[in-house]
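Hello,

I am handing this structure over to you. Please look at it first, then read my notes below.

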Amino acid sequence: GFGKPVKVWDNVTDDGPSWDWDRSKVVSGDFDGDGRDDVGVLYNNGQRSDGANHTTLWTFTSSGTDFGGPVRKWDSATGSWSWNHSKPFAGDFNGDGRSDVGVLYDYGTEADGVNHTGLWTLTSNGSGFGKPVKVWDNVTDDGPSWDWDRSKVVSGDFTGDGRSDVGVLYNNGQRSDGANHTTLWTFTSSGTDFGGPVRKWDSATGGSWSWNNSQPFAGDFDGDGRSDVGVLYGYGRQADGTNRTGLWTLTSNGSGFGGPVREWDSAGSMSWKWESSDIV
């Protein structure tokens, strides 16, 4: 089970600076390689006087029993970085035992109508992070149009090689028969770079799947050393007035994923509201 919640930091109690929750996107990983997970926050500092977007990365380091206050580890002050266009995540992308930070970044729409998205990583050196490096770009790599707004990002070692990869659950809209169309793509880490996206699952082979009703996450659910993908799925309100939610898993075999298997269903046991649930 779990002990009761313990507050380990408070910007007011600790006499820290003003900290806006609405400007914070949180990730977690072992950034210093000591075997304990730390907390990272990508923070929106608004715009500088020159109009450039200002974003920073802060970490709260775990001591095992407590956390240190936030320390700024990266600052976009030398360039423009839009927090609003960033989806951050964490994983050990180079397999050195320290978690790094990745960001799926939205560049908007090109003049020809192509959606432009990039994948960046900030590599941990144990005490800080290197500057962001772009490891994929659908336009530069002459790939298909990729809509950032239709992407939900997870990270895990899907191949079992000791390096974290990136997964994206993608909203393909609706098929001609009205069925919802969703796909799962992975970007595989080589340790120094990432391969382009490869489609690993397609709901077209199994029916309708609503991306809008999906909260994806990653973890090694069967303990075989490979991360799998889970989805908390919302079925909405039922005829009897109860809310229905399901838990599905797609199990990695190292090179791909098996089809989704429903592991839990709230129907008949309790009312569970998907909209009131956040995955961690």
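**Pockets, a sheet and one arginine**

The lining of the largest pocket is made up of 12 nonpolar, 14 polar and 7 charged residues. Here Ala, Val, Leu, Ile, Met, Phe, Trp, Tyr, Cys and Pro count as nonpolar, Asp, Glu, Lys and Arg as charged, and the others, Gly among them, as polar.

This is a predicted model, in which local features need pLDDT of at least 70, side-chain atom pairs count only at pLDDT 80 or more, and totals for chains, interfaces and linings use all residues. Residues are numbered from 1 along each chain as its sequence is written, and side-chain values use heavy atoms, without hydrogens and water.

The largest pocket holds about 1,400 Å³ of space. Of its 33 lining residues, V26, P88, V153, I279 and V280 are the closest to its centre. β1 (24-29), β5, β9 (151-156) and β13 (214-219) each give two or more residues to this lining. (A pocket is an open set of points on a 1 Å grid over the protein atoms alone, where a 1.4 Å probe fits, with protein on both sides within 12 Å along at least five of seven lines; lining residues have an atom within 4 Å of a point. Strands are DSSP runs of E, at least two residues, numbered from the N terminus.)

The second largest pocket has about 500 Å³. It is lined by 15 residues, with W9, V26, V39, V41 and F60 nearest its centre. They divide into 11 nonpolar, 1 polar and 3 charged. β1 gives the most, with 3 residues.

Now the sheet. It is open, has 4 strands in the order β5-β6-β7-β8, and pairs antiparallel. (Two strands pair if DSSP finds at least two bridges between them.) The edge strands are β5 and β8 (133-137), each pairing on one side only.

β6 (residues 100-109) is largely enclosed by the rest of the structure, because 7 of its 10 residues are buried (under 20% relative accessible area, 1.4 Å probe, protein chains only). L104 stands opposite L119. β6 and β7 form a hairpin with 5 residues between them, where G113 has a positive phi of about 90°.

Last, which strand holds R244? R244 sits in β15 (residues 243-250). It counts as buried because its relative accessibility is 19%. Its contacts (heavy atoms within 4.5 Å) include Y233, R262, D265 and W272, leaving aside residues up to four places away in sequence.

Best wishes

Key: Buried means under 20% relative accessible area, exposed over 50%, partly exposed in between (1.4 Å probe, protein chains only). Grid points are joined across faces, edges and corners, and a volume is the space filled by probe spheres set on the points.
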